[in-house]
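Let's take a walk through this structure together, one region at a time. Have the viewer open and follow along.

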Amino acid sequence: MNAPLNTPLNISRRTFIKAGALVVGGLVIAFSIPHAKRFLMPGSAADTTADAAKDAAKLPTPNAYLRIGTDNTITVMLAHSEMGQGIWTTLPMLIAEELDADWSKIKVEHASAAPEYIHTAYGIQITGGSSTTWSEFDRYRQAGALTRALLISAAAEKLGVSADSLKTENGFVISGDNKISYGDLAEAAAKLETPKAITLKEPKDWKIIGKATKRLDGPEKINGTAIFGQDIQFDGLMTAMVARSPVFGGTVKSFDATAAKQIKGVRQVVQVPTGVAVIADNYWAAKKGREALKVDWDLGENASLDSKALLAEYKKMAATTGLIAAKAGDNKTAMAKAEKFVEAEYALPYLAHSPMEPLNCSVKIEKDGCEIWTGTQMQGTDQTAAAKILGLKPEQVKIHTLFLGGGFGRRANPAADFVSEAVQVAKAAGVPVKTVWSREDDVKGGYYRPMFVHKAKIALDANGMPSAWEHVAVGQSIMLGTPFEAFQIKDGIDTTSVEGTADSPYLKNIPNYQISLHTAKTKVPVLWWRSVGHSHTAFVMESLIDELAHTAKKDPLEYRRALLKGHPRHLAALNLAAEKADWDKPLPKGVFRGIAVHESFGSFVAQIAEVSVNEGEVKVHRMVSAIDCGLAVNPDSLTAQIESSISFGLGAAMQSEITFKDGMVEQSNFNDYQVMRMGNMPKVEVYIVQSTEKMGGVGEPGLPPVAPAVTNAIFAATGKRIRTLPIGNQLA
Amino acid sequence: MITLNINGKEQQLDVPDDMPILWALRDVAHLTGTKFGCGMAQCGACTVHLDGQAIRSCITPISAAAGKKITTIEEMQNDKIGQAVQAAWSEIDVVQCGYCQSGQIMSATALLATNTKPTDADIDAAMSGNICRCGTYPRIRAAIHNAASKLA
């Protein structure tokens, strides 16, 4: 959303909307809005309006579709995947607003994998980076506005009146006392030439955008009819489970399928690159078959992987300076002059995403093509990977995206891991197969949020404010070895490893600082986990700021206010949360507050936690959140995402960790990989800063400040500083 | 062959005795509203009613259902309490990804069948076996209170 909201859009021929593709009984608008062919995070240095516009002019592509049926239904095709975040509703709101559509006639479909659906900023088809709403804000509104213009032209022709005399409302074009439904105009509109320019509504005229709107996928998700990847069934579709190496990188030496094949319902046992697949009539037979299967593994080079030893190694590395990610002034001289310091070491564990729906992917291979049914956040990448395995062209692989039973980043895999494996299984089996992961497969299966160690030494001046900041981080790179390496790794530094530290607003008001990074070469598969690098950096930065405030004997809120001068959006979120939480008023006896604020994905979120600690047991009673994300297109959906981020972030901070011993993951299921449950969920209040600033995301930015708000409250309650997550029983 | 009563209808299924009810429902009876989440009664996504009681169908063998009534999410629209729960879920717009919600609704319905006015502590006790990774917990709590008040 770089252009002002009401700028008339002059659309050149080459970037132009193609209309007129007629499908049975309706109008298809293919519209083309330029995209930048790069992978970027919003707010990153290269993400400037000028750059985007320059690339845009060069790279026109038709981008997305909207269909009006003669029965007046309006079907919106989503270029992004619905995984709980609510874009099944938010993107149609954008189209419906400009189209003056009848909201009750809106239907929604996931789009296929195709160049038309490439992300407007990231250059690949992806749902991630909390980017869907802001990245589609113009494209989907323009689709609605262009369609409306065509319908008006069709009506004008039909009625023999001027287009200027017509208006639109609730799915009709209106001329005086006459009205014609969109469905009745669709076929005629499809034959018209598209307008050369459109004017979008001014915000004051919005009827839908900015209004709390109920989810369109609500009804089917409460009556059991919503179809997730796991729910795909058709004649001939078999179920497979794959026995994978218990150690990452291990390979099959040999296997004995005799006992497995004796299980009723087991049809085949085949070797695939990731292990040995048992193919059966149903899940239960596949599971029993896999249990009966004997595999002799070559465990490979990671057989002695041990997370305790790894942590010790990381801590050793943190004692030396790494590659410089950000630097100003002269730390050495400033440190030599200082008298007061805060020195601290922080550690955060590997974390599994564990979405509620275990990974699964159904594949049907035919002579000249392949169909795939799955819940994925990266259709294009999966399509390319499948095509390569099968020797097909990407367009011969059809991806059907079903509802995702949660994603949190796990279903956006640059290596297309679970899709590639399912394609290999179907290829080896020669029949259509749904490859299903058990929960144990998910917890032990890798692609974790990387473990990180941060070490900091901060000098305080006579006023208790930081005068020099030395900071070293150690952890694996998420981007290394992926197609995004070229865009996200600069001078050896993965920007996602230092987002939230190297670009911290606090540093801007500190004369001397140095942030450096050691990228660990550990062979654990890692991936973006809800809020990516911010999931560890915010915890460290907001804890350190709290340590400084307490060392300086200052109020943590006031201390932040002083350090965030010149950062109005941080301050707006901070101040709104503080006001709503009654920061200055006393709490009931035994309850203490902690505060944190952090920017990520273009949005600014403050969290205030109210916590009590009794006999070592932490109870979070209430979380008060404030967010400035610019315009809130669907405020209730935004509120839901903050509630969600608190649950996800707090559950992880309290209890979750993946550890290794003898090369193997020690956790297996929700009994030992603990996550948030009803009884531990605090009361949540969400407040939205009324903002006309640039739009940011909402799916992730609520999460980063959750853990530090809670541990800062624990410090207020007990005087104990939690520097290692999860909190677990550290207070016992 | 085992004869089962699923959502009020007698059905014969050719499945081994040890097959969990979950997989008989999903893979054999093709009722996919009941979800697989963990396979060891840790997450509650597979919750159904057996003679009105909430059970985890992923660990309950089909043999345990002989002579009893299995009720699934697909039947809740015909259940007075189920209707109230679903209406509350809709009013409060509880769902996000939605995958756990069949199980949440089945647990909530079973709770309200025996406790017409659950306290927050009652809800914690009855619902803590149902994980929601999207964190719809505050809304589930509000929806259960809402349904209870509508049923009163």
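Two strands pair if DSSP finds at least two bridges between them, and helices (H or I, at least four residues) and strands (E, at least two) are DSSP runs, numbered from the N terminus. This is a predicted model, in which local features need pLDDT of at least 70 and side-chain atom pairs count only at pLDDT 80 or more, while totals for chains, interfaces and linings use all residues. Residues are numbered from 1 along each chain as its sequence is written, and chains are lettered from A and ligands numbered from 1 in the order in which they are written.

With that in hand, look at strand β19 (residues 369–374) of chain A. On one side, 5 bridges join β19(A) to strand β20 (residues 397–401) of chain A, and the two run parallel; here Glu371(A) stands opposite Lys398(A) in β20(A). Strand β18 (residues 360–366) of chain A also pairs with β19(A), in the antiparallel sense and over 6 bridges. Glu371(A) turns up again in that pairing, opposite Lys364(A). Between β18(A) and β19(A) there are 2 residues, and the two strands form a hairpin.

Next comes an open sheet of 5 strands in chain A, in the order β16-β26-β23-β22-β17, with mixed pairing. Its edge strands, β16 (323–328) and β17 (340–348) of chain A, each pair on one side only. From one strand to the next the twist averages 10°; axes are lines fitted to C-alpha atoms, for helices over the stretch in contact, and angles run from 0 to 180 degrees between N-to-C directions. β16(A) runs antiparallel to strand β26 (residues 512–519) of chain A, joined by 5 bridges, and Ala328(A) stands opposite Tyr513(A) in β26(A).

Which strands does helix α16(A) lie across? They are β17, β22 and β23 of chain A, and α16(A) runs at about 150° to β17(A). Helix α16 (residues 534–551) of chain A also packs with helix α17 (residues 556–563) of chain A, at an angle of about 110° and with their axes 9 Å apart. That makes α16(A) roughly perpendicular to α17(A), a label for angles of 65 to 115 degrees (under 35 counts as roughly parallel, over 145 as roughly antiparallel and the rest as oblique). Ile545(A), Asp546(A), Leu548(A) and Ala549(A) of α16(A) make the contact with Pro556(A), Tyr559(A) and Arg560(A) of α17(A), where contact means that the C-beta atoms of two residues, placed from the backbone, lie within 7 Å.

Another open sheet in chain A has 4 strands in the order β27-β28-β29-β32, again with mixed pairing. β27(A) and strand β28 (residues 603–614) of chain A run antiparallel, joined by 9 bridges, and Glu599(A) stands opposite Phe604(A) in β28(A). Helix α20 (residues 706–718) of chain A lies across β27, β28 and β29 (617–628) of chain A, at about 155° to β27(A).

Finally, turn to chain B, where 43 residues are in contact with 49 residues of chain A. Helices α1 (21–28), α2 (80–92), α3, α4 and α5 of chain B each supply at least two residues of the side that touches chain A. In helix α4 (residues 120–127) of chain B, Ile123(B), Ala126(B) and Met127(B) are buried (20 or more other C-beta atoms within 10 Å of a residue's own, all placed from the backbone; exposed is 12 or fewer, partly exposed in between). These buried residues pack against α3 (101–114) and α5 (137–151) of chain B.
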